[in-house]
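Here are my notes on this model, as numbered points. Have the structure open while you read.

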Amino acid sequence: MNLIQQNLDKIRAEIIKTSQKVNRNPEDVKLVAVSKRFPVNVIEEAAKAGQLVFGENYIQEANEKFNRLDKSTPAVKLHFIGHIQSNKAKIAASISHMIETVDRLKLARALNKHLSDLNKDLDILVQVNIGDDKNKSGVKVEKTAELLAEIKNHKLHHLQVRGLMTIPPFTPEPEEARKYFRALRQHAMELAKKELFANNEKIELSMGMSKDYHIAIEEGATLVRIGTALFGDRPS
Ligand SMILES: *Cc1c(COP(=O)(O)O)cnc(C)c1O
């Protein structure tokens, strides 16, 4: 059995074990395999092992790689998890199955316009800078409601806001990230009370990476974005 298959099996088992530990349904936690900087064959291999959702950070790279996938590869879905410049909104809108990093109205408007041309609806997450970390993108906590309301009020019909995404500030101990994950969930619950999501009964929370996904699942993650634990160290 190859290494990607082994790592996938291990991570899937961990997701199940951790979900059950906190009485969550493991099916409510989806794995986003972060393939940034890895070559196409890594995506093909993971897809053949049944992993069909991939996270990429760079539009150009994602576009090139997804276009080069071998024809025998099962259909894969792209979650875009990197910063998007508004001038890249068009390709992002056309190639993504979900964009997890919408953090400003200008980008939301640009995406909606291109989606309208494409006659396509798109699930998005709003990226929140939960730790108010100056090195991280994302909307400030106190501005999230405003951004969500603006998306709703500008009637950007082609965008379905499914929930929130965050990258917490770096902490040496994974356990220290728990407070940020908990804060994101609480924030989402408050926004749901104001009915600012497309479906306020079912909210996606994208949080947790290789080192801290167990903790994120315990705190309510529905999407965990895992690269290194699945594919090994990224090529530079
Ligand atoms: C690279 C990246 C990941 C994956 O990180 P690992 O530590 O390799 O699991 C997750 N989310 C985002 C936004 C990333 O840029």
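This is a predicted model: local features need pLDDT of at least 70, side-chain atom pairs count only at pLDDT 80 or more; totals for chains, interfaces and linings use all residues.

1. Start with the ligand. As for where it sits, the space taken by the ligand is the largest pocket.

2. On the oxygen side, a polar backbone atom of G227 lies 2.8 Å from an oxygen atom of the ligand. The side chain of R234 also has an N or O atom 2.8 Å from an oxygen atom of the ligand. The ligand taken alone exposes 390 Å², and the protein buries 89% of that.

3. Next, helix α2, which covers residues 40-48. Its buried residues are V40, V42, I43, E44, A46 and A47; note that E44 is on that list. What do these buried residues pack against? Their partners are α1, β2 (53-56), α3 (59-67) and α9 (228-231). Just after α2 comes G50, with a positive phi of about 95°.

4. Two other residues deserve a look for their backbone angles. Most residues other than glycine have a negative phi. N23, which is not a glycine, has a positive phi near 55°. N23 belongs to the loop between α1 (3-21) and β1 (30-34). Is N23 buried or exposed? N23 counts as exposed because its relative accessibility is 73%, and the cut-off for exposed is over 50%.

5. The second one is E195, again not a glycine and again with a positive phi, about 55°. Look for E195 in the loop between α7 (178-193) and β7 (204-206). E195 has a relative accessible area of 52%, so it is exposed.

6. Last, H158. You will find H158 in the loop between α6 (141-153) and β6 (159-165). Why does H158 count as buried? Its relative accessibility is 16%, and buried means under 20%. Which residues does H158 touch, leaving aside its neighbours within four places in sequence? H158 is in contact with N112, L115, S116, K120, D121 and L122.

Key:
Residues are numbered from 1 along each chain as its sequence is written. Side-chain values use heavy atoms; hydrogens and water are left out. Helices (H or I, at least four residues) and strands (E, at least two) are DSSP runs, numbered from the N terminus. Buried means under 20% relative accessible area, exposed over 50%, partly exposed in between (1.4 Å probe, protein chains only). Contact means heavy atoms within 4.5 Å. A polar contact is a pair of N or O atoms within 3.5 Å; within protein, one must be able to donate a hydrogen and the other to accept it, and residues adjacent in sequence count only if both atoms are side-chain atoms. Accessible areas come from the Shrake-Rupley method with a 1.4 Å probe; for residues, only the protein chains shown count as cover. On a 1 Å grid over the protein atoms alone, a cavity is a set of points where a 1.4 Å probe fits but cannot get out, and a pocket is an open set with protein on both sides within 12 Å along at least five of seven lines; lining residues have an atom within 4 Å of a point. A molecule sits in a cavity or pocket if more than half of its atoms lie within 2 Å of its grid points.
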